[in-house]
Amino acid sequence: MRVWGKICKDNHLLRDAVVETFDDTRTHCIFHALSEICMQLDLAVPAWLDSNVKEFGRRAKTRFRQDSFIEEIDFDYLEIEILEE
């Protein structure tokens with residue numbers, strides 16, 4: 001599975017990363033990909049809120065905003081999206 005992560009501010013892409021993962025389940029793939037993306041982008045891994053889980057289940061992508069991060073962020077959101085399974 002390939003997952004694209006991107007940091008955006010004011011509707012502009014600031015940084016992005018694409019990772020490929022081959023874990024045993026889709027859920028493990030997503031969590032592993034999010035961790036890898038955050039490591040590449042030098043971010044703390046955000047918390048999954050109920051809204052993120054629902055949005056990801058419907059659209060195979062979600063946005064993590066300030067309420068998902070413990071520390072202050074200098075961007076509007078981190079979005080992850082499945083490119084291919």
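The legends below describe close-up views of a predicted model. Local features need pLDDT of at least 70 and side-chain atom pairs count only at pLDDT 80 or more, while totals for chains, interfaces and linings use all residues. Residues are numbered from 1 along each chain as its sequence is written, and side-chain values use heavy atoms, with hydrogens and water left out.

**View 1**
Helix H1 covers residues 26-40; helices (H or I, at least four residues) and strands (E, at least two) are DSSP runs, numbered from the N terminus. The 15 residues of H1 should span 21 Å at 1.5 Å a residue, and the end C-alpha atoms are 21 Å apart, which agrees. The expected span is 1.5 Å times one less than the number of residues. In H1, Cys29, Ile30, Ala33, Leu34, Ile37 and Cys38 are buried (under 20% relative accessible area; exposed is over 50%, partly exposed in between; 1.4 Å probe, protein chains only). Seen down the helix axis, the buried residues of H1 fall within an arc of 160°, so they line one face of the helix. The arc is taken from the directions from the helix axis to the C-beta atoms. An α-helix has 3.6 residues a turn, so residues three or four places apart point the same way.

**View 2. Surroundings of helix H1.**
The buried residues of H1 pack against strand E1 (2-9), strand E2 (12-20), helix H2 (50-59), strand E3 (61-64) and strand E4 (77-84); contact means heavy atoms within 4.5 Å. Just after H1, Asp42 has a positive phi of about 60°.

**View 3. Aromatic pairs.**
There are 4 aromatic pairs in the structure. Rings of Phe, Tyr and Trp (its six-membered ring) pair if their centres lie within 6.5 Å; planes under 30 degrees apart count as stacked, over 60 as edge-to-face and the rest as tilted. The ring centres of Phe31 and Trp48 are 5.7 Å apart and the planes are at 85°, so this pair is edge-to-face. Phe31 lies in helix H1 and Trp48 in the loop between H1 and H2, so the pair ties together parts that are 17 residues apart in sequence. Phe31 is partly exposed, at 41% relative accessible area, and Trp48 is partly exposed at 24%. Phe69 and Phe75 also form an edge-to-face pair, with 5.9 Å centre to centre and 90° between the planes; Phe69 and Phe75 are buried. Ring pairs link Phe31, Trp48, Phe56 and Phe64 into a cluster.

**View 4. Salt bridges and charges at Glu79.**
Lys6 forms a salt bridge with Glu79, with the closest N and O atoms 3.2 Å apart (a side-chain nitrogen of Lys or Arg within 4 Å of a carboxyl oxygen of Asp or Glu). Lys6 lies in strand E1 and Glu79 in strand E4, so the pair ties together parts that are 73 residues apart in sequence. The relative accessible area of Lys6 is 16%, which is buried, and that of Glu79 is 2%, also buried. Arg63 meets Glu79 in a salt bridge too, at 2.7 Å from N to O. Salt bridges link Lys6, Arg63 and Glu79 in a network. Lys6 also lies over the face of Trp4, at 4.1 Å from the ring centre (NZ of Lys or CZ of Arg within 6 Å of the ring centre and within 35 degrees of the ring normal).
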